[in-house]
Amino acid sequence: MKPSLPQGTRDFSADIIRRRRFILDTIKDVFELYGFEPLETPALENLETLMGKYGDEGDKLIFKILNNGLDNPLKKEEIQKGFNKILEGKNEKNITERALRYDLTIPFARYVSMNYGKLTMPYKRYQMQSVWRADRPQKGRYREFYQCDADVAGTNSLISDAELALIYQQVFRRLKIDVDIKINSRKILAALAEVCGGSDKMSAITVAIDKLDKIGIEKVKEELIENNLSVQQISVIESYLQIGGSNDEKLTKITTLLNNVETGQKGIEELKIILNYINEVAGQSSTSSINIDFTLARGLNYYTGIIYEVKAKNIEMGSIGGGGRYDDLTGLFGLPNIPGVGISFGVDRIYDVMTELNIFPEDINKSTTVLFFNLGEKESTVAFKEMQVLRNNGISCELFYENAKLDKQFKYASKKNIPFAIIIGSNEVEQKTCIVRDLLKAEQQTIPVDNLSSYFR
RNA sequence: GUGGUUGUAGCUCAGUUGGUUAGAGCAUCAGAUUGUGAUUCUGAGGGUCGUGGGUUCGAGCCCCAUCAUCCACCCCA
């Protein structure tokens, strides 16, 4: 058979893994700097755990796993019944009861619900694992990809919201990616909906205004008309969308626009508090700005407070990070009144951005430091012994496995980016010396073998 | 889920209105060179043209289906 990969999945070769690790390590270091603890959960979850958490669109994108034993003749009848339900678009336990992880937030919520008694609250966890979505692949979109999440469960303190924004700043500063960190509040969006026809219109409104960048104000208005909003309501939304200026100016204008709506004022107040925390430390570092963007909506329907989204500047790519606050996530799993807030990094998109901008560090692909040449049985035995001395000193080495032509051994070294070659031939064996060749400078010197490890120190 | 694009050697790609035995560069291997590389020269291997059907005397080329790719929409990291 001809080998192939499932759609939207990829193999990662050594050079890609080293670059991905650079990103993952950077994120992990910053998460730990802020006191988050690691967590890993299974790739599989019960389908029931995931269904209904990501909206109707989301449910369709969950990878479901077929049960085993469907060919059991004793269960034939109920399995056929179940299959008929599947054909109607319903889920049926007899056919599928497990699914691949769709994101890291719901498994986190599930974990908190199951382990509440054991956890030190507020619980701050980070998680870096792959997730799967049955989406059609395209630029920056894969069916298997990594997310890196940091969430805080069990506190309403807006300090945590502010810290998460700072984590975004710090990570992208370390990665040297210029980003736009957008912030908004679901409470403000809810208040807008309240002013414009009631809360049942909220999702239609948010979906429409979220597209402002892409399709422009006229198309947004068309979409709102299709959703049965009145001219007057649409004009309120239009003035909402026209709010501009600095963060302070935006806050002033929105306060006026939503001055009768209590939830809106609450959302504005929260935004102010968070931005104040961020401003406290602004002088210490920030290059990438945190900006209020009232068009930001975010899809996941469990957010209730602050929402974030991060986009890379100067490049065409979907968001590379997103997150927000949810008042009651674990309630769905029987543990009410636990608020949470979290952010997510999309590693694969960050990788694509860094590749396109060509901003990975130069020296990222060094692996082996020294290649010992193989010049025969006796010679390579000596080399083998000296190689182990270097390894014991923490220098990564390889001995070429065959007594091949030097030409070939040199090429192997250059292909693997190995900077040093050590040549031990019969003369060197006799004199207890070796030739150390710097392959980048094309210079070499003969030194006593006993001095090898000090040479590389 | 909807629409478009592409699929020929390990890689990047040529291949004329359908016409003998499908090509190039790079890479690989062997030799020129029996201890010093990224150079040069010579030679070799490697393809059921994504897969399965169809039209035709004849298909890499035309038609249908299918799979994969890249891209856009929906949605999202």
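**Close-up views of a predicted model**

View 1. In strand 4, Arg98 is the bridge partner of Ile65. This comes from a predicted model. Strand 3 and strand 4 (residues 96–100) pair in the antiparallel sense over three bridges. Strands of a sheet pair through backbone hydrogen bonds, in either a parallel or an antiparallel way.

View 2. The three strands follow the order 2-4-3, and their pairing is antiparallel. Strand 2 (44–46) and strand 3 (64–66) are at the edges with a single partner strand each, so one side of each has no neighbour in the sheet. On average, neighbouring strands of this sheet are turned by 45° against each other, direction ignored.

**View 3. Helix 8 against helix 9.** The axes of helix 8 (residues 202–209) and helix 9 (residues 212–226) come within 8 Å and cross at roughly 140°. Helix 8 is therefore oblique to helix 9. Ile205, Val207, Ala208 and Ile209 of helix 8 meet Leu212, Val220, Glu223 and Leu224 of helix 9. By class, this contact has seven nonpolar residues, no polar ones and one charged residue.

**View 4. The surface near RNA strand B.** Among the 41 residues around RNA strand B, Arg141, Gly299, Ser319, Ser426 and Ile435 come nearest. Sugar and phosphate make up 41% of the RNA strand B atoms that come within 4 Å of the protein. By class, the surface has 12 nonpolar, 14 polar and 15 charged residues. Helix 15 gives the most to this surface, with six residues.

**View 5. Polar atoms beside RNA strand B.** A polar side-chain atom of Arg349 lies 2.6 Å from a base oxygen of RNA strand B. For Arg437, a polar side-chain atom is 3.3 Å from a base nitrogen of RNA strand B. A backbone N or O atom of Gly321 is 2.9 Å from a sugar or linking oxygen of RNA strand B.

Terms used: Residues are numbered from 1 along each chain as its sequence is written. Chains are lettered from A and ligands numbered from 1 in the order in which they are written. This is a predicted model: local features need pLDDT of at least 70, side-chain atom pairs count only at pLDDT 80 or more; totals for chains, interfaces and linings use all residues. Side-chain values use heavy atoms; hydrogens and water are left out. Two strands pair if DSSP finds at least two bridges between them. Helices (H or I, at least four residues) and strands (E, at least two) are DSSP runs, numbered from the N terminus. Axes are lines fitted to C-alpha atoms, for helices over the stretch in contact, and angles run from 0 to 180 degrees between N-to-C directions. Angles under 35 degrees count as roughly parallel, over 145 as roughly antiparallel, 65 to 115 as roughly perpendicular and the rest as oblique. Contact means heavy atoms within 4.5 Å. Ala, Val, Leu, Ile, Met, Phe, Trp, Tyr, Cys and Pro count as nonpolar, Asp, Glu, Lys and Arg as charged, and the others, Gly among them, as polar. A residue is near a molecule or strand if one of its heavy atoms lies within 4 Å of it. A polar contact is a pair of N or O atoms within 3.5 Å; within protein, one must be able to donate a hydrogen and the other to accept it, and residues adjacent in sequence count only if both atoms are side-chain atoms.
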